[in-house]
Amino acid sequence: MKKIMMNTVISLGILCTPGFALGNETTATAVALSPDTEAAAEEKMTPGELTWSGDVSIKYERDTMEDSPHMDGLMYSLRLNAEKQLSPGFSLYARLGAQYATQPSLGDFNTEAYDVNKKGVIAIDLFGVTYKKGSFSYKLGRQDMTIGTTALLYSRSDTNIGIRNFVDGLTVEGKIGNIALTGVAVQEDNDGSADNRLYAIHGTYDVNERMQVGATLGRYIYADGSGQNTTNGAVDAVYKFKKSTFTAELAKSNADQDNKAYAVTWNYAFNDKTAVYVTAFRVEPYADMGQQSDFDNNNRGFYYGITHQLTKNDSVEVVYKDQKTLRDAEDAPSGSHNTKIEATLTHAF
């Protein structure tokens, strides 16, 4: 699963075409078809047709932790997506994911599922069936998953690679007028029998062309009783003003303590190629779902990033993450400073 360890990261990477998700990562640049382009592509597909897409990436990462040696390394990734239409509305999908990491502990694959010193992995890591009818779409199978407008509550994103890194189950999304709905009922693909379950529903309402508000309700259940099951709720809002976009999400669980989280992002687009963003966040230890927020659990801090579209198919992103832990290993208030620098270079095809 995505390792967010309190350190520094530079990633040069290409992100895959995103799968179904409840929210979007605020710290990644994805290359995806616009809704109009997707609709046109669907119309052109005929039963039996096989379509391909994907990307390759180079990622440099450097992580630091107070009173600990720094870590850095390079990751080379390939994500190859295939979709075969069976009949109007029905399609099969699969993805081949591969990565070589010079420092395995910084890789995007689950080191618990492989040898801890393994540097290279390759697997058919996403697969299933999709069905589209009217304004609703359904996905059944192994898939990536983020929950929350900023992925504040949960993240096993499509930037992950390999086995034991995603979820299995059903996701549904659709729109009725100004209301968009998304629902999930899935279980994690983990080692052994610890396939924890999660359920969530997210709704958004378009107030006007500039503003959108939403809410999320979720439940996370540990299969083996090893953790505290939580009921999670969140509210979110997005507001656009000229070249700026402001996004905020507040979350809380029913845990007895350390149960609150927030993420607030300002994004400024200089033009259609270059943008900068700043994100402030805080995720207390039991605020998210299974301690798998896209922001580092048990941390507070800031992300500073810049994205640039080099060509139609090539993009680069640089992110600096400056944060502190909230509690130490003895569950006492802490404050260990840690940083990440991530620089990502992406080529999509």
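Is R95 buried or exposed, and what is its relative accessibility? R95 counts as buried because its relative accessibility is 2%, where buried means under 20% relative accessible area, exposed over 50%, and partly exposed in between (1.4 Å probe, protein chains only). The views below come from a predicted model, in which local features need pLDDT of at least 70, side-chain atom pairs count only at pLDDT 80 or more, and totals for chains, interfaces and linings use all residues. Residues are numbered from 1 along each chain as its sequence is written, and side-chain values use heavy atoms, with hydrogens and water left out.

**View 1. The whole protein and its confidence.** Welcome to the overall picture: one helix and 18 strands make up the listed elements of the protein. Helices (H or I, at least four residues) and strands (E, at least two) are DSSP runs, numbered from the N terminus. Of the 349 residues, 46% are buried. The mean pLDDT, the predictor's confidence in each residue from 0 to 100, is 88, and 87% of residues reach 70 or more. Over residues 1-43, however, pLDDT stays under 50. Where pLDDT is low, the predicted coordinates should not be read in detail.

**View 2. The salt bridge of R95 and D125.** Here the side chains of R95 and D125 meet in a salt bridge, at 2.9 Å from N to O. The pair links distant parts of the chain, with R95 in strand β3 (residues 90-101) and D125 in strand β4 (residues 120-133), 30 residues apart. A salt bridge is a side-chain nitrogen of Lys or Arg within 4 Å of a carboxyl oxygen of Asp or Glu, and a search of the whole structure finds 14 of them. D125 is buried because its relative accessible area is 2%.

View 3. Follow strand β8 (residues 167-176) into strand β9 (residues 179-188): the two run antiparallel and are joined by 10 bridges. Two strands pair if DSSP finds at least two bridges between them. β8 and β9 form a hairpin with two residues between them, and G177 in the turn has a positive phi of about 60°. On the other pairing, β9 and strand β10 (residues 197-206) run antiparallel with nine bridges; here G183 has I201 in β10 as its bridge partner.

View 4. E173 is found in strand β8, and its bridge partner in β9 is T182. E173 counts as partly exposed because its relative accessibility is 33%. K175 forms a salt bridge with D206, whose closest N and O atoms are 3.0 Å apart. This pair also links distant parts of the chain: K175 sits in strand β8 and D206 in strand β10, 31 residues apart. K175 counts as partly exposed, because its relative accessibility is 39%.

View 5. β9 and β12 (230-241) each supply at least two residues of the patch. V207 lies in the loop between β10 and β11 (211-221).

Note on methods:
Contact means heavy atoms within 4.5 Å.
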